[in-house]
Amino acid sequence: MADMLGLMERLERAVSRLEKLSAGSRGPPGDCGEVNGVNGGVAPSVEAFDKLVNSMVAEFLRNSRVLAGDVETHNEVAVLLKPISEKIQEIQTFRERNRGSSMFNHLSAVSESIPALGWVAVSPKPGPYVKEMNDAATFYTNRVLKEHKHSDLRHVDWVKSYLNIWSELQAYIKEHHTTGLTWSKTGPVAPTASVFSVLSSGPGLPPPPPPPPPPGPPPLFENEGKSEESSPSRSALFAQLNQGEAITKGLRHVTDDQKTHKNPSLRAQGQTRSPTKTPTPSPTSPKSNSPQKHAPVFELEGKKWRVEYQEDKNDLVISETELKQVAYIFKCEKSTLQIKGKINSITVDNCKKFGLVFDNVVGIVEVINSKDIQIQVMGRVPTISINKTEGCHLYLSEDALDCEIVSAKSSEMNVLIPQGDDYREFPVPEQFKTVWDGSKLVTEPAEIMA
């Protein structure tokens with residue numbers, strides 16, 4: 001949970017810096033001392049942000065401790081990392097490394113929405129950006145609720161507390177920073193107000209007193225106002241340049257026997273003396289930054305079939321299946337998998353040019369963050385979900401024509417319906433129009449897609 005505290009600390013610093021500058025121009029001087037004309041009092045927006053941290057964030061962290069396991073660890077992996085972007089990356093990496101976790105949907109909800117903490121750099125409307133991240137979290141929290149709402153209410157409390165953070169942050173931004181933060185170029189550096197001490201003080205106690213105000217900002221240039229002493233070498237250089245055309249008088253005449261283009265022996269000597277060196281790859285060369293290769297995975301782990309990092313494999317077959325089993329397919333490229341029998345659900349995640357053929361699924365088939373996917377249904381499936389995917393062709397059987405196809409943020413989707421010995425292709429709408437009918441919004445596919 002330290003990463004969340006660290007992120008909130010950075011956000012609080014940013015907000016404090018802006019609002020302290022604003023307070024100096026609005027409030028009466030002398031409340032808590034002044035530095036360069038900036039009042040040291042706490043602005044209303046800073047108090048509102050502290051309230052958000054003490055309530056919603058604190059409640060979420062408490063619920064994370066209650067669930068324990070990977071959810072609690074997920075909030076502790078970036079203790080030593082300072083920049084917000086690095087902390088966010090650490091959270092997302094933790095999720096990728098724990099795809100087999102029983103709390104993977106919890107981790108995904110946090111991983112997909114945690115970039116919302118970068119709202120301080122979004123302009124002119126950071127509020128909608130936070131809402132978009134909140135929607136990304138909802139996609140996974142709905143799964144958590146579906147799995148635990150009748151078995152373990154602790155997970156329900158966790159979902160509510162987490163989503164409340166983003167809802168309250170949207171309200172906070174709307175009230176105090178609707179068009180984004182405005183940074184001052186001349187104000188003093190904001191004091192380091194630790195969020196750890198704010199949270200530890202408890203909701204009923206006032207926050208500890210702030211540290212002494214920092215000194216004013218240094219000059220824009222450290223050497224400003226100082227006479228610059230020219231070094232002897234610099235003086236000599238300018239003296240030569242000031243000669244103008246006379247600078248060429250000091251050049252020595254080169255005879256023909258000293259010119260390499262007129263003396264072949266000099267060219268041969270030059271080639272002997274200057275052998276071609278093999279360049280040493282730099283740390284930033286593409287070779288050093290090549291993605292790490294992962295060992296392919298094809299195994300049954302408990303009730304989950306894991307098919308991961310398969311490349312150029314067109315003979316993958318899962319033949320021994322049970323109704324309670326699920327299949328998770330991750331980062332497979334140029335491969336084809338066939339699943340026989342009846343299975344509970346199938347998830348295709350981060351795959352490219354991948355083909356899937358299955359008999360029957362009693363739950364849902366999900367395609368997420370993928371590209372160029374082909375799926376053929378031999379039997380029945382009630383629901384197929386496509387999210388953040390470019391290119392997906394669905395071949396339905398006669399028994400699967402009543403399945404529901406749910407899509408979001410995806411393109412180039414086509415459904416192929418059997419007609420005799422062939423298939424007829426129907427595109428899934430990507431463009432919609434919405435109108436107000438007097439009482440509600442009505443959305444339907446645009447005419448060009450009808």
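Me: Where does glutamate 430 lie, and between which strands?
Reply: This is a predicted model, so local features need pLDDT of at least 70 and side-chain atom pairs count only at pLDDT 80 or more, while totals for chains, interfaces and linings use all residues. Residues are numbered from 1 along each chain as its sequence is written, and side-chain values use heavy atoms, with hydrogens and water left out. Strands are DSSP runs of E, at least two residues long, and helices are runs of H or I, at least four, numbered from the N terminus. Glutamate 430 lies in the loop between strand 16 (422-427) and strand 17 (432-436).

Me: Is glutamate 430 buried, partly exposed or exposed?
Reply: Buried means under 20% relative accessible area, exposed means over 50%, and partly exposed is in between (1.4 Å probe, protein chains only). Glutamate 430 has a relative accessible area of 39%. Therefore it counts as partly exposed.

Me: Which residues gather with Glu430 in a patch of negative charge?
Reply: Patch residues have over 30% relative accessible area and no salt bridge; like charges are joined within 9 Å, and nonpolar side chains (Val, Leu, Ile, Met, Phe, Trp, Tyr) within 5 Å. Asp and Glu count as negative, Lys and Arg as positive; His and the chain ends are not counted. On the surface, Glu430 gathers with Asp372, Glu390 and Glu412.

Me: Which residues form the positive surface patch?
Reply: One member, lysine 353, is found in strand 9 (residues 352-361). The patch is formed by Lys331, Lys334, Lys352, Lys353 and Lys371.

Me: How many residues of strand 8 are buried?
Reply: Strand 8 covers residues 345-349 and is largely enclosed by the rest of the structure. Ser345, Thr347 and Asp349 point one way, Ile346 and Val348 the other, and all are buried.

Me: Which residue of strand 10 stands opposite isoleucine 346?
Reply: Two strands pair if DSSP finds at least two bridges between them. Strand 8 pairs with strand 6 (residues 326-330) in the parallel sense over 5 bridges, and valine 326 stands opposite serine 345. Strand 8 also runs parallel to strand 10 (residues 364-368), joined by 4 bridges. In strand 10, the residue opposite isoleucine 346 is valine 365.

Me: Which residues are linked with Glu96 in a network of salt bridges?
Reply: A salt bridge is a side-chain nitrogen of Lys or Arg within 4 Å of a carboxyl oxygen of Asp or Glu. Glutamate 96 meets arginine 95 at 3.1 Å, N to O, and arginine 99 at 2.7 Å. Arginine 95 is buried at 4% and arginine 99 at 6%, whereas glutamate 96 is partly exposed at 33%. The network links Glu96 with Arg95, Arg99, Glu112, Asp349 and Lys388.

Me: How many residues apart in sequence are the parts tied together by lysine 388 and glutamate 112?
Reply: Lysine 388 forms a salt bridge with glutamate 112, with the closest N and O atoms 3.4 Å apart. Lysine 388 lies in the loop between strand 12 (383-387) and strand 13 (390-395), and glutamate 112 in helix 5 (residues 104-113), so the pair ties together parts that are 276 residues apart.

Me: What separates the C-alpha atoms of leucine 61 and tyrosine 162?
Reply: Leucine 61 lies in helix 2 (residues 44-67). Leucine 61 is buried, with a relative accessible area of 2%. Leucine 61 and tyrosine 162 are 101 residues apart along the chain, and their C-alpha atoms are separated by 8.7 Å.

Technical notes: Areas by Shrake-Rupley, 256 points an atom, 1.4 Å probe, with all protein chains shown as cover. Charge placed at Lys NZ, Arg CZ, Asp CG, Glu CD.
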